[in-house]
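Please look over the model shown below.

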2 protein chains.
Amino acid sequence: MRFSRAFLPVLKESPSDAQIVSHKLMLRAGLVRQTAAGIYAWLPLGFRVLKKIEQIVREEQDRAGAQEMLMPTLQSAELWRESGRYDAYGPEMLRIRDRHDREMLYGPTNEEMLTAIFRDEAKSYRDLPRTLYHIQWKFRDEVRPRFGVMRGREFLMKDAYSFDLDEASARLSYYTQLLAYLRTFQRMGIRAVPMKAASGPIGGDLSHEFIVLAPTGESEVFYDAAFEEMDWNRSDLRYDDPVGLHNLFDDVTSTYAATDETHEEDRWADISEERRRTGRGIEVGHIFYFGDKYSGPMGLRVTGPDGQMVAPMMGSYGIGVSRLVAAVIEASHDDAGIIWPESVAPWKVGLVTMRQDDEATVAAADELYSRLKGAGIEVLYDDRDERGGVKLGTMDLIGLPWQLVVGPRGIASGVVELKNRASGEKEELSMESALARLTA
Amino acid sequence: MRFSRAFLPVLKESPSDAQIVSHKLMLRAGLVRQTAAGIYAWLPLGFRVLKKIEQIVREEQDRAGAQEMLMPTLQSAELWRESGRYDAYGPEMLRIRDRHDREMLYGPTNEEMLTAIFRDEAKSYRDLPRTLYHIQWKFRDEVRPRFGVMRGREFLMKDAYSFDLDEASARLSYYTQLLAYLRTFQRMGIRAVPMKAASGPIGGDLSHEFIVLAPTGESEVFYDAAFEEMDWNRSDLRYDDPVGLHNLFDDVTSTYAATDETHEEDRWADISEERRRTGRGIEVGHIFYFGDKYSGPMGLRVTGPDGQMVAPMMGSYGIGVSRLVAAVIEASHDDAGIIWPESVAPWKVGLVTMRQDDEATVAAADELYSRLKGAGIEVLYDDRDERGGVKLGTMDLIGLPWQLVVGPRGIASGVVELKNRASGEKEELSMESALARLTA
């Protein structure tokens, strides 16, 4: 993409109404614009990151055997009366009346809807187990929306739902999602620690939240250094290995991790001092096992192997996809701007001309642009007629992993500069070496 | 995907409440389920087709230089008061009040929102031209939603918006989208004819709708056979060739095409009889040029090259993404079920075992499944313990382009059967030849 033709509005000043660093940077770097309280439009730069994060979530759900579908944003109130949550949910539920005065709502979650769909289609134990998910916009009418997309009202969520014949099988579905979550966050280049959680309005007695570590996080967290050493992609962790999944769950839950709400001083004291880690964190995912809480009252039954009718045991599993964009920024930035992990970066390379009025510079940059694109590398080419220093500042702000800088002096001696945004390291290289490095 | 583990509910009977063939088939083959009047959940099979269609739309928009972003579903009423459309829009607009009693609405289209975003960011003629688009759920509160997703209330639309310095440049943006639309529909394997249209509530004086030809279409259409011969992907049509785009527009608009509403008997009579085509059609896209209808009253201004402030000239361009799923089915089906064009098929190949209790059959099918998947081919493997005839009927119903049938008799003589769903042609082949054919 050529910057001169792109819609990438960058702000020189830090917006005064933003309180947290991710919100400030998302406005300054042109990721989002607010269109109403707690409601945001995703501009091209932010949209690219949102899609990258969504795609990682999708791939890891698919890998874990979940099947993607898509439920609508609006739901009928009737459905929520069946579970008893319509009156219980409170003012965060956006209630709507259509032209025929029918009561509707903008879905904050989909337990009821999918239970009803599954009830109409599943007949027997052969239709179990199944885990279904969708990635769809949700709405929660926060009384005071703030912190940008971190606590917005309209937000993108991945929510999965599992249906199993009995509790043992349902727990396996829960462990499977647990592993999928750990892998998902690891691929995004952030560290997420699973912590035992209260179930809240979803219900059930087994629940974990996933906390991304970020210095500016909303809550204090305490955890064992073991979480820094675990590789969730190691080959001995397999979805088709029930014993391994069970062991994973035991390992994870026996390793200390707690927020300030659940922190236990005596267990903490048992951990050797050099293994204690404290920090701050942001919740980006939450998983629940709740048995027959919805299948029971909503009448979802299948024939078991013995011919008896049984209510499937269920769980649900949420990831805040739009919130993750902000969480990654909270976890990865410096004073100059965002530092995108490569897996979620909007483009891999930012190509910059220091002098757009110098023919040799532009010719060299044009060639680099076309060869990088030809090799399938995502490049943002800042070909604007701006001062070189301004352009480098913009590149630091929007935080692409690599900056490839072309200027008249370097071209005269046959070199370009390659900068790693995360480490700040700069290196002078021939064009061929720079291309080889970036396309490797 | 193994059918035995998939969530693919297929109905034996044709649902009695569906009036048109696409709605019947989408219910029977398990693409969608209604969750409220005019609101549908997309089950895994339907979701896959929806994503394929969305991706073709996206790729052709990107190829035409449009930039993707994403605007929210909910909008503030304030925005629509600025253009004067809040009161004008009528009861099809779903109006909502949030917990603070602020007036909101579920967006039926986004001219106002994007004009306001662009107004805050664009400063000068250097910020033009730009075409931005998004693919997002919309809501129109139809008084009598019917025909499934063909006339639903919550629907997925691609809407693009162009901003140009003057009318000449804006017309070029319009022609660019015209070509992108023709290419988009051609890639989906359907014939879409552009027809001059009234602008309606969007406004403006230049507008075309795109009608997909289908025997069960909602309106009668009349067109010149020339439209059957045009290849919109031919290499002499280029987005960077203004003269060529202008000629394309002249060619398209001078070739006769009209719905019963705009049909002109005298122009029709001028076309030689063997070139006259009549049929029925479904609107799947609509493009509009409306100049300063929104930029004017909403105060969007940029500095022109001469230092004077000017209101950009705008157009908007819609494609009904969810409706297209139904339109493709209307255009491509037979008595046995759907016939997916390969570019939008949920899977390319349906692999069927005729006897799930025959070891040699299952071993051969397992091997075919694993080798097809290894070659990157999308396969639905019907490994259910059902009668072969039932499984073949299901494959015809869901309409995958190729059926690969494995049975004990064939395996004994070293062959499998490959059936082309569209032509009905069957061929006996060795496993190796069948694999070579499908992976070619």
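## Helices on the sheet

In this predicted model, helix α15 (residues 431-439) of chain B lies across β19, β21, β22 and β23 of chain B. Its direction is at about 125° to β23(B). Helix α12 (residues 359-374) of chain B lies across β19, β20, β21 (402-406) and β22 (416-420) of chain B, and runs at about 165° to β20(B). Helices (H or I, at least four residues) and strands (E, at least two) are DSSP runs, numbered from the N terminus. Contact means heavy atoms within 4.5 Å. Axes are lines fitted to C-alpha atoms, for helices over the stretch in contact, with angles from 0 to 180 degrees between N-to-C directions.

## The sheet

The five strands form an open sheet in the order β20-β19-β21-β22-β23 (chain B), with mixed pairing; strands pair if DSSP finds at least two bridges between them. At the edges are β20 (379-382) and β23 (426-429) of chain B, each pairing on one side only. From one strand to the next, the twist averages 20°.

Strand β19 (residues 349-353) of chain B pairs with β20(B) in the parallel sense over four bridges. Leu351(B) has Tyr381(B) in β20(B) as its bridge partner.

## Two copies

## Basis

Residues are numbered from 1 along each chain as its sequence is written, and chains are lettered from A and ligands numbered from 1 in the order in which they are written. Local features need pLDDT of at least 70, side-chain atom pairs count only at pLDDT 80 or more, and totals for chains, interfaces and linings use all residues, while side-chain values use heavy atoms, leaving out hydrogens and water.
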